[in-house]
Every structure is written in C-alpha cells, then in structure tokens.
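Hi everyone, thanks for making time. I'd like to walk you through one model today, so let me put it on the screen.

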Amino acid sequence: STEDGIRVLLRTPYTASARDTVENWKRLHSACASWQELREAYIDVWSQNCTGADARQAASVRFSKLEEGARLKHDPAKCRVKEKRWQSWYEKLDYWLKEHAGTWPRKNCRHKDENQLWQWIRSQSRAHRTRRTLWTRPANWKELLEKLPGWKWACTLEERCAKLRRSKEQRLRHQEENIRAGAHREEMVHARAAERRAARLRRLALCLQIREQRNTARHAAWCGKLAELQAWVEAAGGKYPKRKSESQEERSLAVWVMNQRGALSETRK
C-alpha cells in the first residue's frame, strides 16, 4: 500500500541511490495521481510518527529532498546541472588555493566566500566518510579532490574504529608496562631494603666480634694482673703493695688494686 511504502521512505536517507529505493518511488508515484498527493500522504504519515509543532514542516523539507533525489536519478539534464554546480565549486577552491599560496579556507572567517568554501569542503569530507553515493557529482570527484595540493580525507567510520582500537590497545600496553615497571620498582625497593638490612647485620656482627675480642683481651690482661698481684702478695708475706713505694712495679699494682676496689664499690651502689 501507499502508506507502507511511505513508511519505508521514512527510513530512507536523503541521498540513497539503492535500486529498491528507486523502485519504491516508482510504485508510490504510480499509486498516486500526482507528486502533490504523494507529498500530502507522506506528510500525514510523518505527522503520525512524529510530535511537535514543526512536524509537518520537517516532513515537507524531507520529502523535497527525497523527491529531488528521485527525480535527479531519472533526469540526466538536472543531474548534469548539479554536476556543473559541483565543478564550479571545485574550480573556485582550486583558484583559491592558487591565489593564497596553498592556504586552505578557514572555519568561521569573516570573508563570506572563504566560509562557503570551507562549508563545501566539509560536505565533501562528510560524504566520503559516510560513503554516500551521490549522482549530483562527477564520477571521478574523489580523484579530482585528491589532485588538490594538501588534500586529506577525513577518517571513515571503519578508520575511526580502527584508530580507537589501536589507541585502546596502546593505552592497555602502557598500563601493563606501568604495572610491570611499578612491580619492578617495588622489587628493587625491597631488594635494596634487604641489602641495607643485611649490611647492618654484618656491621653489627663485626662490632660484636670486635667487642668480644676486646673483652677477651681485657679479660686476659686482668687475669694476668691478678696473677701478678697474687705472686707479689705471696712473695711479700701476705702484704699488699703500697702506692708510696719506691718500686715502680709495686706502685702500679697498688693503683690497680685501688681501681678494682673503686669499681666494686660502684657496682654495689
């Protein structure tokens, strides 16, 4: 039915050129008496599916674009007019690049012609990105644009997805590298801490060994002094040495005995 065909058109892009779309237009046109009747039916179906004060106006604009595309598909004269218009814009852009030493038109500039050229360039890039098949352009329009110095196509949807995948993979690799680097740094910190602890333990063991050696030497010296005192006391008939004696050996033994008595009195306190 006409209403079902119109519902199919509601899901049709403005610039679609598929064969089933054209056949649908043919069936709708044959079912209606005129384009005006088809327009009214299209607007009625659109108004049923959309809400808002401007629903009928938006439906009229969309129908005009679809109607223009369908008529151009079967009207070679109008198609050639559109191609000439595209060719004129292309020549304007080529002339602009030659006059401005390869400088491309800028966005939101004060010059009207430059702003229009930028809008036209943007529309060409969008058409290439969305892969629209337009019959209002020359067949080799992409090759013509690529001949311009410095022309670069905008990324297509597949290229953007691939770029996002690559950036995500790169980000994940960086995260993994950071995690590994962090783990390595942590291991190095633990290793250095273990080395410092081992060095401190070695120094402590060395200090204890030196202290033990010193204590052993002191103990041996003390025992030797005690044996010397015992021998001196036995030789003197049980008398202890005096500090005011003329003998150097007796004075040294008396000082040693005095020091031992002082140490003993300090420990008792």
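What you're looking at is a predicted model. Of its 269 residues, 23% are buried. And if you take the contacts with a separation of 6 or more, 58% of them link residues 24 or more positions apart.

Okay, back to Leu-145. Its partners are Trp-86, Tyr-90, Trp-120, Gln-124, Trp-151 and Trp-153. Several of those names come up again in the largest nonpolar core, which has 14 residues. Among the ones with the most contacts inside that core are Trp-86, Tyr-90, Trp-120, Trp-151 and Leu-145 itself. Helix H5 (76–99), helix H6 (112–130) and helix H7 (141–146) each give two or more residues to this core, and H5 has the largest share, with 5. There's also a second, separate core of 5 residues, including Leu-229, Val-233, Trp-256 and Val-257.

Now for the outside. The chain exposes about 19,900 Å², with carbon and sulfur atoms supplying 52% of that. Have a look at Leu-201, in helix H8 (residues 157–235). Is it buried or exposed? Leu-201 has a relative accessible area of 57%, and the cut-off for exposed is over 50%, so Leu-201 counts as exposed. Together with Leu-204 and Leu-208, Leu-201 makes a nonpolar surface patch of about 300 Å².

How values were computed:
Residues numbered from 1 in each chain as written. Predicted model: local features only at pLDDT ≥ 70, side-chain atom pairs only at ≥ 80, totals over all residues. Heavy atoms only, no water. Buried < 20%, exposed > 50% of the residue type's maximum accessible area, 1.4 Å probe, protein only. Contact = heavy atoms within 4.5 Å. Areas by Shrake-Rupley, 256 points an atom, 1.4 Å probe, with all protein chains shown as cover. Patch = residues over 30% accessible without salt bridge, like charges linked within 9 Å, V, L, I, M, F, W, Y side chains within 5 Å. Salt bridge = Lys/Arg side-chain N within 4 Å of Asp/Glu carboxyl O. Helix = DSSP H or I, 4+ residues; strand = E, 2+ residues; numbered from the N terminus. Core = buried A, V, L, I, M, F, W, Y, C linked by side-chain atoms within 4.5 Å. Lists of a residue's contacts leave out its neighbours within four places in sequence.
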